There are 2 protein chains.
Amino acid sequence: METLRQIGDALLKADSIAVLSHVRPDGDAIGSAVALGQVLSQLGKQVTVLNEDGVPAALEFLPGVSMVKRPSDLESPLVVDVTLILDTASEQRAGDEVWATFADRGVLINLDHHVSNPGYGDLNFIAAKAPATGEIVFDLIKEMDWPLDEISRYNIWAGISTDTGSFRYPSTTAHTFEVGAELVRGGVDVGEISQDLYESYPLRRIFVLRELLKELLISCDGKVASWKLKRAVINEHGVQPSDTEGLIDVIRSVDSVVIAVFFEEMEDGKIRVSARSKTPNADVGKICAEFGGGGHQLAAGTRMAGPIDEAAVRFLSSVEKVING
Amino acid sequence: METLRQIGDALLKADSIAVLSHVRPDGDAIGSAVALGQVLSQLGKQVTVLNEDGVPAALEFLPGVSMVKRPSDLESPLVVDVTLILDTASEQRAGDEVWATFADRGVLINLDHHVSNPGYGDLNFIAAKAPATGEIVFDLIKEMDWPLDEISRYNIWAGISTDTGSFRYPSTTAHTFEVGAELVRGGVDVGEISQDLYESYPLRRIFVLRELLKELLISCDGKVASWKLKRAVINEHGVQPSDTEGLIDVIRSVDSVVIAVFFEEMEDGKIRVSARSKTPNADVGKICAEFGGGGHQLAAGTRMAGPIDEAAVRFLSSVEKVING
């Protein structure tokens, strides 16, 4: 593994740089890519920030995100000295279309905080203890003494804030708070960006929540909570995929709940199942694997055949075995 | 107004100190009182931490909170050299029973961050720009170079974290993050305390949320969202005051919403009103003042005569004037 200075020096040597992050990008994927894309542009580099799925609507408020291109936006195959891939645990997670745009990707620099990242770059910096790639990007900029402007500050903030659940997850360190202090001193308006990140849900999210609560099922003495989002509700309210993001936390945050499950009826009639556990002993990854899905001990998912009520009964019967056994 | 050092010196001169905070205490009321109660005890003072309503169930996990007494726990009238009142905008907000326990309250020291605090103490330190009284308590302890132990760290954290919505509200400053960094360096386990504060709700909170969503009212083109908690629901689910803490954020976080209002039917038939605004232009402090209440531009409250449906109509008509005017 390289040092941050070696990563920075390699970037300085390049004239043209592509900056990538993962498909279905979150705040840290977009934030870290735009922050570093901006800094490298200011240093006079020819920068192309590229994401398979582009900027999600919920992050369009961030300054500078118009620099993020989708593969279809490019007119000719990319030839660059360096490709910098951020927050992306495996090469494929950047997306097939992204990789297909390259005629020559040059030196691959892999900067990430995912512990599962095998270090697939030519140069690698994997800081598994960093709560967000945004924090590593900040450290790199400081290490190299590069200028940090408003666009970079807001995007680093977005990465750190979203990947730490607003400075709450166990991965948050004293250094994370120090970075927060420095970004605020530099001019980040905490109230404004927090409002944009966390208080700007469409009204239909509340209607979805209301419908979900009607279908709330508590079982196993309160240890299991689950709810169902039916097609009729999705159609009635014009629910977008991002509307339900994080709603499972509402039932996960009940003290007695060990496993929380979200069943969603897809357009094709299949049932999307998302499961969360509070303890490795109640391994939802294993339960989802029974149904052909995957994931980790604490967060996993699968797709099942409908109808939704029958899928829920079958899945929850496996959940109950784990809880009671 | 005094300096922090003058406040600290006055506390040092006292042998016996009563530490008070407001009725229906939140994380900052309990956290700042226990943190400073603990520090003063360690300095050899005879400390009585007193709260009209005691420690809410949701905060019982905090270390050291067993030091908080209710007026009924005291066997004889209190005689102290100093009474330190924390996070309490007006003298009455400490509660009638609390004041009735005193035979002699000595010198009254008033330490607070509420801008509406008129400085009713003999000595006063009101830092309206501090996001939490917990942050002022931290600054006082640092200014005086008093030792900070685990109990104080966790309680200061609880105060700051809850009063800033986990480092998100506009009141959060670079200094707030610096305090966060120092508390984490000192040993606060961010993941653990965040789970205790934000992911350990009783199941009845979810049932309350379900009932509130049934009573959700959206008005003024989506700019105003309000809901009502009726006595029947409170009784049916055995709702505790702390169960509803923060639920208003569910409706406040809708993008179109400017003002969110929570109406709650109290045991005595009075209606407790909590209002939140996203902008100083829509000043909920002013609206609440119309009805005899108080607070800030962005967060305020009042009590009204029932019945709840009529109180809501009257209050919302003032809200609509502000929104449309």
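**Exercises on a predicted two-chain model**

S171(B) lies in the loop that joins helix 5 (150-163) to helix 6 (174-185) of chain B; helices are DSSP runs of H or I with at least four residues, numbered from the N terminus. This is a predicted model, in which local features need pLDDT of at least 70 and side-chain atom pairs count only at pLDDT 80 or more, whereas totals for chains, interfaces and linings use all residues. Residues are numbered from 1 along each chain as its sequence is written, chains are lettered from A and ligands numbered from 1 in the order in which they are written, and side-chain values use heavy atoms, with hydrogens and water left out.

**Exercise 1.** Describe the surroundings of S171(B).

*Solution.* Step 1: the relative accessibility of S171(B) is 29%, which counts as partly exposed (buried is under 20% relative accessible area, exposed over 50%, partly exposed in between; 1.4 Å probe, protein chains only). Step 2: neighbours within four places in sequence are left aside, and S171(B) is then in contact with K129(B), P131(B) and T176(B) (heavy atoms within 4.5 Å). Step 3: P131(B) is 40 residues from S171(B) in sequence, yet their C-alpha atoms are 4.9 Å apart.

**Exercise 2.** Determine how chain A and chain B are related.

**Exercise 3.** Characterise the interface of chain A and chain B.

*Solution.* Step 1: chain A and chain B each bring 39 residues to the contact. Step 2: about 3600 Å² is buried between the chains, 66% of it from carbon and sulfur atoms (accessible area, 1.4 Å probe, that two parts lose on being put together, summed over both). Step 3: R168(A), F177(A) and E199(A) supply 20% of the area that chain A buries against chain B, more than any other three residues. Step 4: the interface holds 6 salt bridges (a side-chain nitrogen of Lys or Arg within 4 Å of a carboxyl oxygen of Asp or Glu). Step 5: R168(A) forms a salt bridge with E199(B), with 4.0 Å between the closest N and O atoms.

Note on methods: Copies are superposed by least squares on the C-alpha atoms of residues with pLDDT of at least 70 in both. Helices (H or I, at least four residues) and strands (E, at least two) are DSSP runs, numbered from the N terminus.
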